[in-house]
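I opened my notebook to look up a few spots in this structure. Here is what I wrote down as I went.

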Amino acid sequence: MDTLTRLSRNRQSVPPPPRRLELPPGMRTQLGCDAVGIPEDFSHRIMTRLPRVGCVYADQGLWWWVVPAGSDVALEWPMPSYYSPGALLPETDAAPTLLHCPDGDAPYTPPIPLYLALCRLTGTTPAWSRTVGAGHLPPPRRGED
């Protein structure tokens with residue numbers, strides 16, 4: 001009987017599965033969808049700095065910005081952001097609230113302006129602007145000495 005009670009308790013403590021952001025009807029997602037979670041206080045300031053804002057959702061103190069799939073390639077999104085491939089949100093009890101829906105049928109916020117605005121607010125140097133140390137340079141090829 002103790003085993004059944006313990007199993008029942010363990011089953012109740014299983015977290016809910018991740019929830020995928022549901023886009024408004026009519027949005028075209030031929031580029032796939034990922035999402036970037038940014039704390040609300042940063043997000044308010046970022047919203048005014050971008051040339052275009054796509055779908056943005058609020059959930060548990062984060063704003064989730066929809067970006068094209070693969071927007072993390074060659075980018076290190078700075079802390080305290082959270083990059084979510086497939087626009088899957090971590091454990092959540094309720095569906096996130098849609099805060100902004102763009103005109104047109106593209107749900108995306110352009111990732112580079114979003115990344116640069118976040119880097120600026122967090123004091124992070126963008127990945128492509130960082131200096132490379134001498135230990136990271138490839139050796140010269142013959143005849144290029």
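This is a predicted model: local features need pLDDT of at least 70, side-chain atom pairs count only at pLDDT 80 or more; totals for chains, interfaces and linings use all residues.

I started with helix α3, residues 111–122: its 12 residues reach 16 Å from the first C-alpha to the last, close to the 16 Å expected at 1.5 Å a residue.

Next I asked which residues of α3 are buried. I found Pro111, Leu114, Tyr115, Ala117, Leu118, Cys119 and Leu121. A reminder to myself: an α-helix has 3.6 residues a turn, so residues three or four places apart point the same way. Then I checked what covers the buried residues of α3, and the cover includes β2 (33–39), α2 (40–47) and β4 (62–68).

My second stop was Ser84, in strand β5 (residues 82–84). Is Ser84 buried or exposed? I noted it as buried, because its relative accessibility is 3% and the cut-off is under 20%. Its side chain reaches the backbone oxygen of Leu88 at 2.3 Å. Setting aside residues up to four places away in sequence, I saw Ser84 touching Asp34, Ala35, Trp64 and Leu89.

Last, I looked up Ala69, in the loop between β4 and β5. I put Ala69 down as partly exposed, because its relative accessible area is 39%. Which residues does Ala69 contact, leaving aside neighbours within four places in sequence? I got Leu31, Gly32, Cys33 and Asp34. Ala69 and Asp34 are 35 residues apart along the chain, yet I read 4.9 Å between their C-alpha atoms.

Conventions. Residues are numbered from 1 along each chain as its sequence is written. Side-chain values use heavy atoms; hydrogens and water are left out. Helices (H or I, at least four residues) and strands (E, at least two) are DSSP runs, numbered from the N terminus. The expected span of a helix is 1.5 Å times one less than its number of residues. Buried means under 20% relative accessible area, exposed over 50%, partly exposed in between (1.4 Å probe, protein chains only). Contact means heavy atoms within 4.5 Å. A polar contact is a pair of N or O atoms within 3.5 Å; within protein, one must be able to donate a hydrogen and the other to accept it, and residues adjacent in sequence count only if both atoms are side-chain atoms.
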